[in-house]
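Subject: Structure handover

Hello,

Here is the structure I said I would pass on. My notes on it follow below.

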Amino acid sequence: MSTTRNSKRNAEWQGSGWIAKGLRQAIYNRDSRCCVYCGKAEGARFQVRGEVRKVRLSLDHVRPHVAGGSDLPSNLVAACLRCNSRRRDLTVAEWAAYLRAEGADTNGLCRRVRRALVKSFLYNGKPWTESE
């Protein structure tokens with residue numbers, strides 16, 4: 001696929017409009033409103049270069065979108081903006097190796113991702129099924 005086509009495809013799904021707001025919130029709730037990668041809770045404060053910020057969540061494709069990953073909840077997890085942007089299109093295993101090389105404790109990272117993806121959750125008051 002050419003860069004132009006990739007850019008067009010990315011523009012179509014990036015941002016918050018590519019998924020229903022209620023479904024986005026249901027996935028955040030399924031993942032306990034925490035980043036599955038670093039474990040930080042939505043709204044928690046952290047410091048970057050002396051500046052205090054609050055954790056903001058986004059949805060991340062476990063199998064990267066550029067590698068054909070779907071937009072279904074079985075491929076989506078809650079991730080803080082920092083982890084999501086730093087992970088880019090790495091696989092979860094590659095991301096864990098990258099973090100380990102930086103000295104981060106990645107014990108349980110892959111397990112947390114798998115657990116999030118198989119957890120059932122409610123959407124519009126009923127259990128979510130992939131056929132919706």
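Leaving aside its neighbours within four places in sequence, which residues is Tyr-37 in contact with? They are Asp-60, Val-77, Ala-79, Cys-83, Arg-87, Trp-95, Leu-109, Arg-112 and Val-113. Please keep in mind that this is a predicted model.

First, the overall layout. The protein chain has 5 helices and 6 strands, and from the N terminus on these run α-α-β-β-β-β-α-α-α-β-β. It has 132 residues, of which 37% count as buried. Among contacts with a separation of 6 or more, 53% are between residues 24 or more positions apart.

Next, the aromatic residues. There are 4 aromatic pairs in the structure. One of them is formed by Tyr-37 and Trp-95, with 6.4 Å centre to centre and 75° between the planes, an edge-to-face arrangement. Tyr-37 is in the loop between helix H2 (21–30) and strand E1 (45–48), while Trp-95 is in helix H4 (residues 92–101), so this pair ties together parts that are 58 residues apart in sequence. Both partners are buried: Tyr-37 has a relative accessible area of 4%, and Trp-95 has one of 0%. Another of the pairs is that of Phe-121 and Trp-128, which counts as stacked because the planes are at 10°, with the ring centres 6.2 Å apart. Phe-121 is buried at a relative accessible area of 10%, and Trp-128 is buried at 15%. Apart from the ring pairs, Lys-40 lies over the face of Phe-46, at 5.3 Å from the ring centre.

Tyr-37 comes up again in the nonpolar core. The largest such core has 32 residues, and Tyr-37 and Leu-109 touch the most other members. Elements giving two or more residues to this core are H2, E1, strand E3 (57–61), strand E4 (76–80), H4 and helix H5 (109–118). The most comes from E4, which gives 5 residues.

How many of the residues of E4 are buried? The count is 5 of the 5, so E4 is largely enclosed by the rest of the structure. In a regular strand, side chains alternate between the two faces of the sheet. For E4, both faces are covered: Leu-76, Ala-78 and Cys-80 are buried on one side, and Val-77 and Ala-79 are buried on the other. E4 pairs with E3 in the antiparallel sense over 5 bridges. Asp-60 has Val-77 in E4 as its bridge partner, and both Asp-60 and Val-77 are among the contacts of Tyr-37.

The last item is Asn-75, in the loop between E3 and E4. Is Asn-75 buried or exposed? Its relative accessibility is 7%, so Asn-75 counts as buried. The Asn-75 side chain reaches the backbone oxygen of Ser-70 at 2.9 Å. Not counting residues up to four places away in sequence, Asn-75 touches Asp-60, His-61, Val-62, Arg-63, Gly-69, Ser-70 and Leu-117.

Regards

Methods. Residues numbered from 1 in each chain as written. Predicted model: local features only at pLDDT ≥ 70, side-chain atom pairs only at ≥ 80, totals over all residues. Heavy atoms only, no water. Phe/Tyr/Trp six-rings, centres within 6.5 Å; stacked < 30°, edge-to-face > 60°. Helix = DSSP H or I, 4+ residues; strand = E, 2+ residues; numbered from the N terminus. Buried < 20%, exposed > 50% of the residue type's maximum accessible area, 1.4 Å probe, protein only. Lys NZ or Arg CZ within 6 Å of the ring centre and 35° of its normal. Core = buried A, V, L, I, M, F, W, Y, C linked by side-chain atoms within 4.5 Å. Contact = heavy atoms within 4.5 Å. Polar contact = N/O pair within 3.5 Å; in protein donor to acceptor, adjacent residues only side chain to side chain. Pairing = 2+ DSSP bridges.
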